[in-house]
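Please find below a colleague's note on the model shown here.

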Amino acid sequence: MRFENKVALITGGTSGIGLAVAQSLAQEGSKVVIVGRNQKKGEAALQSLKQIHSDVMYLSVDVSKSNEVKQMVHKTVSTFGKLDFAFNNAGNTEGKTALTHEFSEEDFDNMMGATIKGVWLCMKYELRAMLENGGGSIVNTSSLDAFLCSPGTTAYATGKSGIITLTKCVAHEYGKQGIRVNTLTPGAIKTSMIDSKFEGLSAEEAKRLEDKYNNLNTLGRIGTPKEAAAVVTWLMSDEATYITGQNIIADGGVSFV
Ligand SMILES: NC(=O)c1ccc[n+]([C@@H]2O[C@H](COP(=O)([O-])OP(=O)(O)OC[C@H]3O[C@@H](n4cnc5c(N)ncnc54)[C@H](OP(=O)(O)O)[C@@H]3O)[C@@H](O)[C@H]2O)c1
């Protein structure tokens with residue numbers, strides 16, 4: 001029980017990688033707050049977490065809205081007394097892709113809101129709570145797209161790329177106050193984000209796309225949410241107390257091929 005009596009806040013914690021992290025931390029004793037926009041999805045995720053830990057809470061929040069983010073941190077601290085861990089993982093997973101000249105300004109703003117601005121806003125309020133707590137650990141989710149720069153993903157890749165620099169800057173600012181800040185950069189992980197790319201494809205097209213994902217990396221397969229969650233859980237733990245400002249890439253080996 002490495003996280004007994006700890007309090008964790010997980011944005012995008014209602015499915016996929018975030019939910020896997022919530023399960024992992026709760027299994028090891030942490031009180032957990034999960035955050036997403038869709039109430040129904042959030043309540044379902046909460047029910048599954050209640051099987052693991054009694055001190056769990058769901059909050060319906062859009063991380064791009066500052067008043068909602070401020071309330072999110074306030075509600076976490078007023079309910080569970082403090083904030084030890086934050087996983088700023090919510091991101092625009094709806095997959096808007098288009099070449100730059102065809103991408104609308106509104107979509108660009110939404111993309112930045114759900115990626116870089118959302119992470120910045122979350123940290124702005126989480127850091128205040130962690131300073132009061134005498135320290136803490138933050139992990140922010142980027143994406144391998146930040147390095148691949150595939151045509152059509154420019155806005156998403158740019159937002160995710162900024163998260164890596166933002167993480168490093170904030171790590172420098174708060175290291176001496178006992179706050180560690182790191183980035184998780186996942187490659188393809190089997191969540192609804194990847195599943196949505198298979199929607200509407202014929203069996204043959206789906207097979208081709210699956211092969212493409214599998215052949216993209218050295219291990220020859222798509223990763224699981226549990227594999228991504230293991231990295232985050234380790235970063236939060238006392239086994240990683242000398243790690244800050246780092247970007248940990250969990251991509252099955254794409255980035256070194
Ligand atoms: N799966 C991959 O292959 C992969 C690869 C690289 C990076 N990532 C990143 O990993 C993170 C998690 O994605 P996932 O793969 O686990 O997909 P997912 O299962 O679709 O999870 C996305 C989560 O984020 C929440 N969310 C989205 N926009 C939000 C917003 N504006 N405010 C609050 N919550 C929001 C969703 O809940 P609601 O819909 O209810 O809001 C959900 O809980 C994302 O940042 C994604 O960009 C994933």
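**Notes on the predicted model**

1. In this predicted model, helix H3, residues 66–80, lies across strands S1, S2 and S3. The direction of helix H3 makes about 160 degrees with that of strand S3. Helix H9, residues 225–236, also packs on the sheet, where it touches strand S4 (85–88), strand S5 (136–141), strand S6 (179–186) and strand S7. Relative to strand S6, helix H9 runs at about 170 degrees.

2. The sheet itself is open and has 7 strands, paired in parallel. Their order is S3-S2-S1-S4-S5-S6-S7. Strand S3 (56–60) and strand S7 (247–250) stand at the edges; each has a single partner strand, so one side of each is left without a neighbour in the sheet. On average, and with direction ignored, neighbouring strands of the sheet are turned by 15 degrees against each other.

3. One pairing may be followed at the level of residues. Strand S1 (residues 7–11) runs parallel to strand S2 (residues 31–36), and 5 bridges join the two. Ile 10 has Ile 34 in strand S2 as its bridge partner.

4. The ligand is surrounded by 30 residues, the closest being Thr 14, Arg 37, Asn 89, Tyr 156 and Thr 191. By class, the shell around the ligand divides into 10 nonpolar, 16 polar and 4 charged residues. Helix H1 (16–27), helix H6 (154–174) and helix H7 (192–195) each supply at least two residues of this shell. Helix H7 gives the most, with 3 residues.

5. An oxygen atom of the ligand lies 2.8 Å from a backbone N or O atom of Asn 38. A polar backbone atom of Val 63 is 3.0 Å from a nitrogen atom of the ligand, and for Gly 91 the corresponding distance from a polar backbone atom to a ligand nitrogen atom is 3.5 Å. The ligand taken alone exposes 880 Å², of which the protein buries 96%.

6. A last point concerns Tyr 174, which is found in helix H6. Its neighbours within four places in sequence left aside, Tyr 174 is in contact with Leu 127, Leu 131 and Ile 179. How far apart are the C-alpha atoms of Tyr 174 and Ala 44, and what is the separation along the chain? The two C-alpha atoms are separated by 36 Å, and the residues are 130 residues apart along the chain.

Technical notes:
Residues numbered from 1 in each chain as written. Predicted model: local features only at pLDDT ≥ 70, side-chain atom pairs only at ≥ 80, totals over all residues. Heavy atoms only, no water. Pairing = 2+ DSSP bridges. Helix = DSSP H or I, 4+ residues; strand = E, 2+ residues; numbered from the N terminus. Axes fitted to C-alpha atoms, helices over the stretch in contact; angles between N-to-C directions. Contact = heavy atoms within 4.5 Å. Near = heavy atom within 4 Å. Polar contact = N/O pair within 3.5 Å; in protein donor to acceptor, adjacent residues only side chain to side chain. Areas by Shrake-Rupley, 256 points an atom, 1.4 Å probe, with all protein chains shown as cover. Nonpolar A, V, L, I, M, F, W, Y, C, P; charged D, E, K, R; others polar.
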